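Good morning, and thank you for coming.

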Amino acid sequence: MATVEGTARFVERVVSSGRLHPSNARRLGPFACTALGFGAYRLVPEAAASGSSGATVSDPLRRALDSVNVIDTSSHYALGHSERVIGATLHGQPRDELIVCTKVGHVPRGEMPKGAVPIGAHRGAGTTSDDWHCISPSFVDSEVKASAERLGTKPDFVFLHNPEYLLSARMQEKVPIADAWDEMYQSLFEAFKILERLCNDGVITSGYGVSSNLLSCMFSVTGLPNLYESLVLDRVVDAAASAARAEGLQQHRFQVAQLPLNAFENGALLGRTPGTQTEGDCSMAQRLGVSILTNRPINALPMPGVSTGDWGRGGNSYLQLREAKPMGATQSLLKRVVLDALADTNLAAAEVPLQQLALRLAASSHVSCTLNGAHQMKYVEDLEDVLKVASFSESHVQRAMQSVRSMATELGCQTKGLW
């Protein structure tokens, strides 16, 4: 399991070796960590995982562990095989230096546990061939234990994976928002009690959290303007505090919130509107003593009215913030706008690939760690390059992201309900 001493040793070693600029040394809960981490969503192709029980070592992950010490996966990724590959790759590594996170909530295909809600529209009551989501206490308990077995190690942090799918289901049923939210936080309270017990029993070694599109995120988990389906961080933490008290504990172990953040989807830093949440969840988390993990730094949901492929409307789901030849019009303009906003940092436009620029923006000092899917060596190389250089100041990040918002507005982005 990760320890305070072990993670500090890792960070000190990579700083002294020149692989980590001191400004990219951060803290995740009680642990020292790197500003970028390894996201394992595409570590294993799902087709390759189907029916597989064994696990091979991931060469990209093994190389990445020379520079990063945060690994994030899910019971849902590649049918659980992602966790097995991580476990195989961690064998022989100094486990006390590494922070292992996983997520639970998605129901394995073919199962339909009590309390599950549908993902997407089902006909009638739905069947086991549909997609389901569940955070009932018994399901959470069994999934965390199954994840630990697949990983071959106890996870340091476990997150409920998009628990707001409950709200998505209630929205389809046209339940009033106040009633749906009351049910959501009661469900979180019950799930958090189980997570507190798993921490007490040592199944989870440090703490828990949520991976969610919180209220400051522009888009909901289903790609709509985020309101009905969102979680409010301070109310989530209140549910954790109540769960801890119900378990006879003085302090809850809700330590981390994970959410999307990239140059376009920047609500977590900039906030949104007075009608939703003016404060970004990054600053709210600081006030609440919660660490922030972010994801999707390079894969952004396209801004409605600016680019094609809007969520759920056909075409590509994501706008990739990655250097290409030829470069897409939106990406080219974005890069120019960001470089103009950062002109006083002496960035050389021709020498900074767009994906590294995007990573540096997402790895704001308000963020403990930004997760990047690095299932190929070239993506690991991006992590290595970014970690060696100084992080942008908070004022530079704010300025660049405000410039991106202005760009989107000038291009005719449909901002209603987003910011």
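**Cavities and cores**

The lining of the largest cavity comprises five nonpolar, two polar and one charged residues. Here Ala, Val, Leu, Ile, Met, Phe, Trp, Tyr, Cys and Pro count as nonpolar, Asp, Glu, Lys and Arg as charged, and the others, Gly among them, as polar. A cavity is a set of points on a 1 Å grid over the protein atoms alone where a 1.4 Å probe fits but cannot get out, and lining residues have an atom within 4 Å of a point.

Please note that this is a predicted model, in which local features need pLDDT of at least 70 and side-chain atom pairs count only at pLDDT 80 or more, while totals for chains, interfaces and linings use all residues. Residues are numbered from 1 along each chain as its sequence is written, and side-chain values use heavy atoms, without hydrogens and water.

The largest cavity holds about 40 Å³ of space, a volume being the space filled by probe spheres set on the points, which are joined across faces, edges and corners. Its lining includes Asn 213, Met 218 and Glu 265. The second largest cavity, of about 30 Å³, has Asn 24, Arg 360 and Phe 392 among its lining residues.

I turn to the cores. A nonpolar core is a set of buried (under 20% relative accessible area, 1.4 Å probe, protein chains only) Ala, Val, Leu, Ile, Met, Phe, Trp, Tyr and Cys residues joined through side-chain atoms within 4.5 Å. The largest has 113 residues, and Leu 160 and Phe 254 are among those with the most contacts (heavy atoms within 4.5 Å) inside it. Apart from it lies another core, of 13 residues, including Cys 33 and Cys 101.

Technical notes
Buried < 20%, exposed > 50% of the residue type's maximum accessible area, 1.4 Å probe, protein only. 1 Å grid on protein atoms, 1.4 Å probe; cavity = no way out; pocket = protein on both sides within 12 Å on 5 of 7 lines; lining within 4 Å.
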